[in-house]
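Here is a short briefing on charged side-chain pairs. Have the sequence and model open alongside.

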Amino acid sequence: MTPSTAQADKARSFLDLHVPGRPLLMPNAWDTGSARLFANAGCEAIATTSGGFALTQGRLDGAMTRDEVLAHCAELSAAVDVPVSADLENCFADEPLGVAETIHRAIEQGLAGGSVEDFTRNSDDPIYELGLATDRVRAAAEAAHGGPVPFVLTARAENYLHGRVDLADTIARLQAYQEAGADVLFAPRVVDPDELRTLLAAVDRPVNVLLTPGAPPISALAELGVARISVGGAIAAAAYGTAIEAVKQLQIDGIPNYWEAAGAARADIAAAFVKP
């Protein structure tokens with residue numbers, strides 16, 4: 001099997017995993033080790049996380065360059081046998097041509113899919129105007145679907161992440177992105193069951209939900225018809241939080257209280273990681 005055939009098969013199987021009512025649980029890995037741990041735990045697909053990756057470099061979300069992100073995504077894709085979908089932020093470009101270039105380059109890294117969001121990276125004017133946002137998704141879709149291997153494109157409507165709690169506009173955006181060729185739709189922070197029910201009824205593509213403390217349980221999301229669930233950078237931040245707490249315990253109590261957690265993890269680490 002040639003690499004291109006294997007990549008195409010991964011992308012097709014990834015899309016097939018998006019079944020409304022039987023959501024794909026897709027955790028976001030932040031490095032090779034976490035990706036291997038998640039795959040070994042039985043996850044059928046893995047996403048990257050822009051914020052989690054930035055943490056590994058001592059930076060905050062949004063501080064990584066396109067080259068850095070693509071190289072990181074390539075490492076994760078090569079490290080596991082399951083499909084990997086990349087958090088490509090706003091594809092590191094305002095104009096559609098730049099968005100398409102990012103998608104082309106992501107395909108070259110062996111990825112099964114990736115996302116394009118309508119966040120401008122400008123806090124004073126955070127969301128692209130709908131016409132431009134739709135053109136950007138259209139360019140991404142043409143790049144995703146026009147090459148020798150398929151690529152599962154997720155289009156993200158970022159309103160709720162940036163203070164624009166407007167369900168009607170969010171739905172209008174997702175409908176436009178659907179018509180522009182997106183394979184999967186995602187509106188982070190839309191978790192109210194009534195809002196989700198309205199959103200899901202208004203679109204014809206699989207919908208991803210970000211699992212947050214205010215979200216319904218997975219069983220309820222499945223009943224609503226959600227097709228995919230991701231966690232963003234939360235697990236990465238929690239891992240760093242565990243490390244911070246361990247150091248504080250050492251400094252304050254002088255006792256290595258982290259040994260129990262470390263011991264519990266060793267079997268999974270040994271099973272997932274490559275031996276020398």
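## Salt bridges in the predicted model

R121 and E89 form a salt bridge, with their closest N and O atoms 2.9 Å apart. R121 lies in the loop between β5 (113-117) and α6 (130-145), and E89 lies in the loop between β4 (84-86) and α5 (96-108), so the pair ties together parts that are 32 residues apart in sequence. The model is predicted. It holds 11 salt bridges.

- R121 is partly exposed, at 37% relative accessible area.
- E89 is buried, because its relative accessibility is 6% and the cut-off for buried is under 20%.

**Strand to strand: R156 and E117**
- A salt bridge joins the side chains of R156 and E117, at 3.6 Å from N to O.
- R156 sits in strand β6 (residues 152-156) and E117 in strand β5.
- The two residues are 39 apart, and the pair links distant parts of the chain.
- R156 and E117 are both buried.

**Within a helix: D169 and R173**
- D169 and R173 meet through their side chains in a salt bridge, 2.9 Å from N to O.
- Both belong to helix α7 (residues 167-179).
- They are four residues apart there, so about one helical turn separates them.
- D169 and R173 are both buried.

- Which residues do salt bridges with shared partners join into one network?
- They are D118, R164, D169 and R173.
- The helix α7 pair, D169 and R173, is thus part of that network.

Definitions and conventions
Residues are numbered from 1 along each chain as its sequence is written. This is a predicted model: local features need pLDDT of at least 70, side-chain atom pairs count only at pLDDT 80 or more; totals for chains, interfaces and linings use all residues. Side-chain values use heavy atoms; hydrogens and water are left out. A salt bridge is a side-chain nitrogen of Lys or Arg within 4 Å of a carboxyl oxygen of Asp or Glu. Buried means under 20% relative accessible area, exposed over 50%, partly exposed in between (1.4 Å probe, protein chains only).
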